[in-house]
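Reader: I would like to work through some local and larger features of a structure. Please take them one at a time.

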Amino acid sequence: MSLKSKVKGLCLLTFAMGVNASVSADTRYNMTEGVTDISKSVFQMHQNALYIVIGIGVVVFGAMFYSIYAHRKSKNPTPAQFHESTTIEIIWTIIPFILLMFLAVPATSTLIKMYDTSDADITIKITGWQWKWHYDYLDEEIEFFSNLSTSQQKIRAKLDGGEALSYQELGENYLLEVDNELVLPINKKIRFLVTAEDVIHSWWVPDFAIKRDAIPGFINEAWTKINEPGTYRGQCTELCGKDHGFMPVVVKAVTEEEYVQWLADKKQEKIEAAEAARLAALQSWDKTKLMTLGQSVYEAKCAMCHGVNGEGGIGNAITGSVVTNGPTDAHIDIVFNGKAGSAMQAFKAQLTSAEIAAVLTYQRNALGNNVGDLIQPADIEKLR
Amino acid sequence: MSAVIETQEHAHHDHHPKGIKRWLFSTNHKDIGTLYLWFSFIMFLIGGSMALVIRAELFMPGLQFVEPNFFNQMTTVHGLIMVFGAVMPAFTGLANWMIPLMIGAPDMALPRMNNWSFWILPFAFIILISSLFMEGGGPNFGWTFYAPLSTTQGPPSTDFFILSMHIMGVSSIMGAINIIVTIINMRAPGMTLMKMPLFVWTWLITAFLLVMVMPVLAGAVTMMLTDRHFGTSFFEAAGGGDPVLFQHIFWFFGHPEVYIMILPSFGIASAIIPTFARKPLFGYASMVYATASIAFLSFIVWAHHMFTVGMPLAGELFFMYATMLIAVPTGVKVFNWIATMWEGSMTFEAPMLFALAFVILFTIGGFSGVMLATATTDFQYHDTYFVVAHFHYVLFPGAIFGTMAAVYYWLPKWTGHMYNEKLAKIHFWLSIIAVNVTFFPMHFSGLAGMPRRIPDYNPIFADFNQWSSIGAFMLGFTQLLFLYIVIQTIRGGKKATSQVWEGADGLEWTVPSPAPHHTFDTPPVVK
Amino acid sequence: MTTKRHQQVSYLILLAFGMFGFGYALVPLYDVFCEITGLNGKTGDQVVYDESITVDENRKITVEFIAQVNRGMPWEFEPLVKRVEVSPGEHRIVSFRVANPSTEQIVGQAVPSVAPGLAANYFHKTECFCFNQQMLAGGMSMDMPLKFYIDPTIPDDIKRLTLSYTLYQVQATL
């Protein structure tokens, strides 16, 4: 007897917990309201749906628990024998139908708005790569990769035999921070063209209510108009291989003046970087310098697939590899252009000539290999 | 095929050898049912241990125990084992045991095929599980194995995965054909279609779904195989193919598959609730029609799994509306169960408790299902833990609680002994608490923004994940109690009468407990 | 009895094989579906420009070109103009430049995709390098033409259209 009342209690409690927690405005317990008109209407629809299902739940489970209480054998020893009623069946076919209308109608109108990408002020091409995002400001000649900036040491602290880090040590933006944020102006209609380089990814920013799959070979569209400046964080939401959990999306929304300034800075930066790379390629590098830079590039770009010590993993082993120990041309080619039908991507546009020269030299003269040659940045630069 | 059919008349005159041969060569529906059920339970424990690896890793932010690639293998193989190894064989096992008893047939229509369809199954799973130990690791692309992650980037073991999917498919199709032919031909005189118990009805519809969609899955994995090795490019943009096509084909199989995993549970609840309410099932005919409409709708809603792939507006709207429609027949079923309870005379033994928990928790899963059906809000839920919460609510308290209810309900008939009611109730209470502690917080981690299939997360999601992990371990270890109860019941216990339950009604309760090796050699007559 | 059951089993096995075939039939069905709905922005095959088309001078549609190269493919690939404004019905020609900086002869195939997907149905190519595989010797470059027009029946709300090409290296089947 007491057990039976506990089942009711527990179920109600579970449900009530859901109700209380879900309807609170705290985004930790509920969907974010977001910072665009669309995201706000999506949030509103979510709330409505929640209220509707809670309402249905109260009625349905209420009837059920009443029945469990009142129609138990000890209270109702002789069961009724009715088992049919066409009228009532029709009624409870129609009622859910009507309730569904309350969900379907607003959803339809919002969906139509979501699909209207016309009259955009800015177009950004987003390309999903394993495991980073590439942003291309099509009207501005600005493009860059956006990599996770949380260090591997932090992520792997416990796995590599150390102590687990505290939340403070991990930091507020653990796994949700990148080296280059996507910077966007507020109050402008921004169109996104979403595609992928290798496998399917999905670009999600909860605050914009945008989630679009990035599909290799095809482009998808989405748009947003951000109402408030701020930093908005999301993640890749389509399983895309080993480091699927490690490719966050970070968008920094700024005022229009700040955006213009940022564009100018970014362009200047690009010119300076190109000049620096050119100068670096002109110099002759000694082995120590190549190996030092090479190791850091290797650990940042190669180790995730080829292993920290070149032992292999998702990718082939570097240690003793035919490519690494073979002619430089083939080695450069695979790093430059990647390999079709594999997880090996093209690094030509991702790394400077000096970085490529250094990492090639490192691979050939460390990690258990000993080819003995040095590859100079100039050798790479002339192939561009 | 013809050999199988011609010899089946003799099948039940087989001597049944003792020991291992009894099981290896069995053509008896009860033995094969038992084999299916044990196999499914073993798979449930293996798949469950993988879930515990996942939950252990997710207990805290930061990588603790496993490499991300191994984590992906765990999520993938956990999903595959639970779907194809635990839930589907459990239902087939129940069908084998109970359908002939419920329709008054001496055995299944195709006993030798029955033997074969079971015995190829362990090999499928040995192949699948052993691929985890291959160089390059096991399948790591999610149980939905989306191309091109599973084609151009699949590890070498992917080919073994494909082979094992083929074997599972063949096994399910054979099992389904057997069930259909049995139900159509072997009903006792007087048992018209509309007099069949609902468990038989739901299984008949499930079997048709299986015959229609498992081959589509086989087609999809065959295309993967030829894409990988024989130069076709079904899913490769380079050769004029399309990765999204894979998702369409997969979900054309996948959505009916979801109902394959729940319809038999509907049948079980429809058997148990009237028994313990001591009152006939309310709205029998509407239950049959509702099941059939759910099955029909399952073929036209598949793309609601793909709202984010960039379908045109018209497509989004169509799949949204069609998906919402499913709530209607599903609602009818829930209302009918409550109407069955209404003014009944209920007692709450373990099968009833599990059946009621099934109705409540499945309905909660249905609620999140309706929310997910709305394309606009789905953009926020899709591929987050909200989805994980949703499908675990319909699968664990749905399919698994349904199976457990069925096992407690029919165990006295199978073994001839009553199970230990007190332990069974403890099992129930621990399970229902653990299920909610595990899966309810996942709604919140999903809404807070946590994507699924990630091995590590921001501390903001930590609280919910901790609850989920604690619940998962509790849920996992509770099932060992279930194992103990079942073994205890097999070995002894209070003798069960043939009626077993006071309110039980149906042909299976007219045979002695335990049900003898051969039943209904002379068909009973149904009034 | 036995023959009846035999027959049923045969029908069910036939159904299973039929559904296996249906899985394959979904491939062409999907293409038809894409064509009708514009899913994935797949563009159609070569068409002939009908000179009698009335050009709708009052409307301007911006057509944007994007070119990308798949991994493993050493070619450089870019549109010579990044965007053009056209009136529906107007026959236009644009060019894409490819260069093969490697030392070997390589064959490439470009795969188009249009956004928004619905616009794909109204985007007609009368001549396109994407219809054929392109072969380029090492160190060479060339300009590849694309001739197209936009169907005047294109819905009014489409004002901007993006055409994206991805270039893949293929085994020559010329």
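**Reading the features**

Author: Start at the end of a helix: α18(B) is followed by B:Gly493, whose phi is positive, near 135°. Keep in mind that the model is predicted.

Reader: How many residues does helix α18 of chain B have, and what distance does it reach from its first C-alpha to its last?

Author: Helix α18 of chain B covers residues 462-491, which is 30 residues. From first C-alpha to last it reaches 44 Å, close to the 44 Å expected at 1.5 Å a residue.

Reader: Which residues of α18(B) are buried?

Author: A residue is called buried if 20 or more other C-beta atoms lie within 10 Å of its own. In α18(B) the buried residues include B:Phe464, B:Leu475, B:Phe482, B:Ile485 and B:Val486. B:Asn465, B:Ser468, B:Ser469 and B:Thr489 are also buried.

Reader: What do the buried residues of α18(B) pack against?

Author: They pack against three helices of chain B: α3 (29-57), α16 (385-415) and α17 (421-447).

Reader: Next, positive phi. Where is B:Phe520 found?

Author: Most residues other than glycine have a negative phi. B:Phe520 has a positive phi near 50° and is not a glycine. This residue is found in the segment after α18 of chain B.

Reader: Does B:Phe520 count as buried, exposed or partly exposed, and what about A:Ala209?

Author: B:Phe520 has 19 C-beta neighbours inside 10 Å, so this residue counts as partly exposed. A:Ala209 has 30 other C-beta atoms within 10 Å and is therefore buried. A:Ala209 also has a positive phi, about 55°, although it is not a glycine. A:Ala209 lies in the loop between β6 (201-205) and β7 (210-214) of chain A.

Reader: Now cis peptide bonds. Which residues does the cis bond in chain A join?

Author: Most peptide bonds are trans. In chain A, a cis bond joins A:Gln130 and A:Trp131, with omega about -10°. A:Trp131 is in the loop between β1 (122-129) and β2 (132-137) of chain A.

Reader: What is the omega of the peptide bond from C:Ala115 to C:Pro116, and where is C:Pro116?

Author: The bond from C:Ala115 to C:Pro116 is cis, and its omega is near -10°. C:Pro116 sits in the loop between β5 (106-115) and β6 (123-128) of chain C.

Reader: On to helix pairs. At what angle do α8(B) and α9(B) pack?

Author: For a pair of helices, give the angle, the distance between axes and the handedness of the crossing. Helix α8 (residues 198-229) of chain B packs with α9(B) at about 155°, their axes 9 Å apart. The two helices are therefore roughly antiparallel to each other. The crossing in which α8(B) passes α9(B) is left-handed.

Reader: Which residues make the contact of α8(B) with α9(B)?

Author: Among them are B:Leu209, B:Leu210, B:Val213 and B:Val216 of α8(B), and B:Phe246, B:Phe250, B:Phe253 and B:Glu257 of α9(B). By class, this contact has 14 nonpolar, two polar and one charged residues.

Reader: How do helix α11 and helix α13 of chain B pack?

Author: Helix α11 (residues 284-297) and helix α13 (residues 327-341) of chain B pack at about 150°, with axes 9 Å apart. That angle makes α11(B) roughly antiparallel to α13(B). α11(B) passes α13(B) in a left-handed crossing. The contact includes B:Met287 and B:Ile294 of α11(B), with B:Val332 and B:Lys333 of α13(B). The contact residues of this pair divide into five nonpolar, four polar and one charged.

Reader: Last, the interfaces. How many residues of chain B are in contact with chain A?

Author: An interface can be read by its residue counts, its contributing elements and its composition. Here 82 residues of chain B are in contact with 89 residues of chain A. Elements that supply at least two residues each to the chain B side include α4 (68-103), α9 (243-260) and α12 (313-325). The largest share of that side, eight residues, comes from α13(B). The side of chain B that touches chain A divides into 48 nonpolar, 26 polar and eight charged residues.

Reader: How many residues does the contact take from chain A and from chain C?

Author: The contact takes 25 residues from chain A and 21 residues from chain C. On the chain A side, β5 (190-196), β8 (220-224) and α8 (328-337) give two or more residues. α8(A) gives the largest share, three residues. The chain A side divides into nine nonpolar, eight polar and eight charged residues.

Methods:
Residues numbered from 1 in each chain as written. Chains lettered and ligands numbered in written order. Predicted model: local features only at pLDDT ≥ 70, side-chain atom pairs only at ≥ 80, totals over all residues. Axes fitted to C-alpha atoms, helices over the stretch in contact; angles between N-to-C directions. Helix = DSSP H or I, 4+ residues; strand = E, 2+ residues; numbered from the N terminus. Parallel < 35°, antiparallel > 145°, perpendicular 65-115°, else oblique. Left-handed = near helix turned anticlockwise from the far one by under 90°. Contact = placed C-beta atoms within 7 Å. Nonpolar A, V, L, I, M, F, W, Y, C, P; charged D, E, K, R; others polar. Expected span 1.5 Å × (residues − 1). Buried ≥ 20, exposed ≤ 12 C-beta atoms within 10 Å, placed from the backbone.
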